[in-house]
Amino acid sequence: MLSLQGIDASYQDIQALWGVSMEIQEGELVALIGPNGAGKTTTLRVISGLLKPSGGAVRFLSHDLHREPAHRIVALGISQVPESGRVFTGMSVLENLELGAFISSARRERSATLKWVFGIFPRLEERAGQMAGTLSGGERQMLAIGRALMAKPKLLMLDEPSFGLAPILVDQTFEMVAKINQQGVTVLLVEQNIRAALEMATRAYLLENGRIVGQGSGKELLSFESVRSAYLA
Amino acid sequence: MLESVSQTLILGVLVGALYALVALGLSLVFGVTKFLNVAHGELLMFGGYASFWVFSLLGLDPFLTIPTTLIGLTLIGAILYQLVFVRMVKLPEEAKIKNTLLVGFGLSVILQNLALRFWSADDRGITASYSSMAFTVLGVRLPLVRLASLLTALVFLLALHLFLRKTYTGKAIRATVQDWEAATLMGIDIHRVYFLAFVLGAALAGVAGTLVAVNYSIEPSMGLNWTLKALIVMVLGGLGSITGTLVGGLLLGLTESITSLLLSSNYREVVGLVLFVLILIFRPQGLFGTKEG
């Protein structure tokens with residue numbers, strides 16, 4: 001469904017990704033793990049088009065994503081939940097969700113999608129008229145995920161959805177992600193919470209210093225000596 | 001005495017609503033694109049001439065020239081954006097403000113000279129057949145043209161407010177103001193949002209120009225004065241709020257008219273600039289400004 005082939009990417013003069021290659025099949029839940037500054041967020045930004053790669057290719061369902069502007073990539077079926085959610089705090093919960101369905105294909109099915117999202121996150125329905133800036137951290141994260149789902153993506157990319165949440169909310173967030181994946185949305189999950197991510201993932205990639213240094217099923221990576229000693233000790 | 005005070009206050013409100021409309025376009029453009037287009041006053045001047053043209057060639061009622069002026073200024077805005085401003089979209093915010101300031105200054109000189117060529121340096125005005133008519137309420141004179149201008153200004157302020165609150169495109173504009181990167185991730189093409197905001201800003205400058213031509217007069221070098229008024233109102237009201245723009249306009253109008261009553265009309269122009277400096281020193285986010293739209 002999605003493949004990255006030898007992606008190089010830089011911020012000004014600093015190269016952040018070196019020949020990153022990845023594959024995601026339809027229906028999978030793929031985890032991308034690694035330490036801070038490894039290039040996980042950069043990888044997501046390259047896929048969503050916010051950062052254009054300096055080398056390599058990104059293909060998604062026969063489209064060359066590295067040649068498409070970011071707003072077109074959403075229309076092709078990829079939604080990204082950015083780090084810490086980035087909800088529109090000066091707008092209501094409902095307005096945030098409406099904006100999630102901005103692309104024309106999603107706009108037509110807006111009311112049906114809204115019911116689906118409210119089914120997954122009943123809390124958002126209770127808070128529909130409230131300003132997003134008044135929500136708690138967990139609710140904001142729900143809103144950010146719900147907003148991304150409003151575009152009816154084929155591939156949902158989540159950038160550290162559990163970051164900054166209380167432990168009980170972290171478990172809930174992972175359950176939500178698993179549930180969304182079971183409903184047929186392919187998921188690419190970037191996580192610091194490595195054990196939980198690997199237990200849930202169909203497959204996973206380990207990124208260090210801008211390079212892929214390990215890949216396999218979630219369980220395989222859990223048993224990697226390097227992963228165990230560095231992240232799970 | 002009481003009558004002259006209430007006359008002063010009423011006049012302040014009437015002028016203030018016009019000031020709010022003058023600032024509305026500039027504030028919208030700056031809020032969305034961070035372009036500080038100091039040629040805003042020249043766009044207003046072109047709007048005034050557009051209405052003057054239609055008024056004198058077709059003999060239309062001054063207020064009925066507004067639709068053609070809107071169309072004309074939309075086109076001028078679109079051309080200026082595609083020729084000049086589109087090149088500055090990708091700059092970081094600070095460079096954007098500085099570069100558009102310089103470019104806007106250059107543009108204002110070019111537009112002034114174009115106007116000189118087309119229409120000469122003569123003062124022009126639009127005099128409606130009913131321009132001497134006025135209502136008198138409790139001893140206060142309410143000129144009909146001023147009232148119609150007030151109504152026009154309020155209609156455009158309200159229309160923009162509703163557009164930004166109620167329509168999908170309006171919400172996309174607000175989302176872009178708050179977080180353009182998150183807006184991009186919603187599939188919003190922020191280049192189109194920038195273009196739209198700029199063109200809307202030019203059209204709003206155009207209507208303001210019509211009202212200026214009807215209430216005062218127009219000539220090629222008038223732009224700077226109106227750009228300054230718009231900047232003062234923008235700073236008073238804070239960015240990103242239409243209510244703030246309206247209140248800022250009213251405040252400036254009232255301050256000016258009270259100054260001319262208490263001191264002398266010679267100080268009218270100065271007092272706005274003094275206010276401008278005081279606000280920038282003590283409350284740079286504006287009287288009602290917040291960080292969020």
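**Interface and aromatic pairs of chains A and B**

Between chain A and chain B, 10 residue pairs are in polar contact, both residues at pLDDT 80 or more; such a contact is a pair of N or O atoms within 3.5 Å, and within protein one must be able to donate a hydrogen and the other to accept it, while residues adjacent in sequence count only if both atoms are side-chain atoms. The model is predicted, with local features requiring pLDDT of at least 70 and side-chain atom pairs pLDDT 80 or more, whereas totals for chains, interfaces and linings use all residues. Residues are numbered from 1 along each chain as its sequence is written, chains are lettered from A and ligands numbered from 1 in the order in which they are written, and side-chain values use heavy atoms, without hydrogens and water.

The rule also finds five salt bridges across this interface, a salt bridge being a side-chain nitrogen of Lys or Arg within 4 Å of a carboxyl oxygen of Asp or Glu. R174(B) forms a salt bridge with E95(A), their closest N and O atoms lying 3.2 Å apart. The contact (heavy atoms within 4.5 Å) involves 23 residues of chain A and 18 residues of chain B.

Turning to aromatic rings, F35(B) and Y81(B) form a tilted pair, 6.4 Å centre to centre with 35° between the planes. Rings of Phe, Tyr and Trp (its six-membered ring) pair if their centres lie within 6.5 Å; planes under 30 degrees apart are stacked, over 60 edge-to-face and the rest tilted. F35(B), at 0% relative accessibility, is buried, and Y81(B) is buried at 2%, the limit being under 20% relative accessible area, with exposed over 50% and partly exposed in between (1.4 Å probe, protein chains only).
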